[in-house]
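Trainee: Could you take a close look at one part of this structure with me? I'd like to go slowly and see what sits next to what.

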Amino acid sequence: MDDIRGDEVRNGRDEVPIGEARDAEARGDGIRGRAEGTAPVPLSVLDLVTVGQGRTATQALRTAVNIAQLAERRRFHRYWVAEHHSMPGVASSSPAVILAHLTARTERIRLGSGGVMLPNHAPLVIAEQFGTLEAMAPGRIDLGLGRAPGTDGATAAALRRTDRLGEGADEFPQQLAELTRFLDDDFPDGHPYARIHAVPGPVQGTAEGGVQSAARPPIWLLGSSGFSARLAGVLGLPFAFAHHFSAQNTVPALDLYRQSFRPSAVLDAPYALIGAAALAADDAREARRQVLSGALSMVRLRTGRPGLVPTPEEAETYSFTSMEREFVDNWLSNVVHGTPDEVRAGLDGLAERTGADELMITANAHGGEARLRSYELIADAYGLPTS
């Protein structure tokens, strides 16, 4: 952890041209969002690009575009996709590819990774990918990083071409330091990588005749425990916590982040968002049907049987064992679901209990129509503008 100091991390966005930073005031500084309508905090979207039974990855990716465009129209602050591997029901194995697709189909909303699992990749590759995304959509790309593999151990070994998985996670601070150096193009003289440059990147602005902005995506640290919470605090970085699957650790992790926080060139005060599982429908029964589908999908994933997201009809008729039923009840206790008013009340309570600065809503359901409808209903419940 000593390999990175908080004062070494910069936001690198001071030179974004006025024309490329349109609506910057409305977006805040790119990290801090602005609450719209009656929402207690800024609202954002986390999309796993789920694939249901009877659906294709092509359809799931088209739904991702539709959700991102809806989120932009209704003034959600950001849209992120998460890296997962070897899961038939999740089509987000390549966040940078999906985000590149979305840069051409949105204009204002921030786009990012929630997150890229850094130990799976060489830091230079990530710097190049997200430098490319920043060149495509200047001033609206986020780079969220995690230290977990986003999959099982065997798949992680195949991704990394090594069985040193534990060491990869332990080396996360060093990998983060290297990635930050590549993004900022500031390895010190004498370093083995001093003459290596991530392109697109700042080197194109310092080369003869160069006019490239030195801007680069802000780094977020993601976590479901205390490790990344403390690291984000020490470095003065924004922090995203996976409340949607680690609810029992949310408040302790956020407390640790705030206690550890040191002001940096990126942030002068802590800024934490939490992932919140939420689904609204026109009536409570339909909402329950939809989230039960996602819960059955999680049961199968946790018992080593990952597959496509089952239909609500299958979930309703499925015979859960007593152990599975206990898991489902615990899982659904952390999923805010029901009518729009019920979901709004649940999200309000979550924001108050945790003190989160932003809520990033994720909806796990069989079909894209249910997820799109949920985000629209939540936006309506909070009176988010349409633009």
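This is a predicted model: local features need pLDDT of at least 70, side-chain atom pairs count only at pLDDT 80 or more; totals for chains, interfaces and linings use all residues.

**A close look around F187**

Mentor: Leaving aside its neighbours within four places in sequence, F187 is in contact with E178, R181, F182, Y193 and A194. As for where that is, F187 belongs to the loop between α7 (172-184) and α8 (203-206). Is F187 buried or exposed? Its relative accessibility is 12%, and the cut-off for buried is under 20%, so F187 counts as buried. Now follow the chain to H197, 10 residues apart from F187: the C-alpha atoms of the two are separated by 9.4 Å.

Let's hop over to another buried spot, S228. This residue is part of helix α9, which covers residues 226-235. With 3% relative accessibility, S228 falls under the 20% cut-off, so it counts as buried too. What does the side chain of S228 reach? Look for the backbone oxygen of L222, at 3.1 Å. If you skip the neighbours within four places in sequence, the contacts of S228 are R147, L221, L222, G223 and F239.

Last stop, a pair of helices. The axes of α2 (residues 57-73) and α3 (residues 95-103) come within 10 Å and cross at roughly 55°. That angle lies between 35 and 65 degrees, so α2 and α3 are oblique to each other. Their crossing is right-handed. On the α2 side you'll find L61, A64, V65 and A68, which meet I98, H101 and L102 of α3. Sorted by class, that contact has 6 nonpolar residues, 1 polar and no charged ones.

Notes. Residues are numbered from 1 along each chain as its sequence is written. Side-chain values use heavy atoms; hydrogens and water are left out. Helices (H or I, at least four residues) and strands (E, at least two) are DSSP runs, numbered from the N terminus. Buried means under 20% relative accessible area, exposed over 50%, partly exposed in between (1.4 Å probe, protein chains only). A polar contact is a pair of N or O atoms within 3.5 Å; within protein, one must be able to donate a hydrogen and the other to accept it, and residues adjacent in sequence count only if both atoms are side-chain atoms. Contact means heavy atoms within 4.5 Å. Axes are lines fitted to C-alpha atoms, for helices over the stretch in contact, and angles run from 0 to 180 degrees between N-to-C directions. Angles under 35 degrees count as roughly parallel, over 145 as roughly antiparallel, 65 to 115 as roughly perpendicular and the rest as oblique. A crossing is left-handed if the near helix is turned anticlockwise from the far one by less than a right angle, and right-handed if clockwise. Ala, Val, Leu, Ile, Met, Phe, Trp, Tyr, Cys and Pro count as nonpolar, Asp, Glu, Lys and Arg as charged, and the others, Gly among them, as polar.
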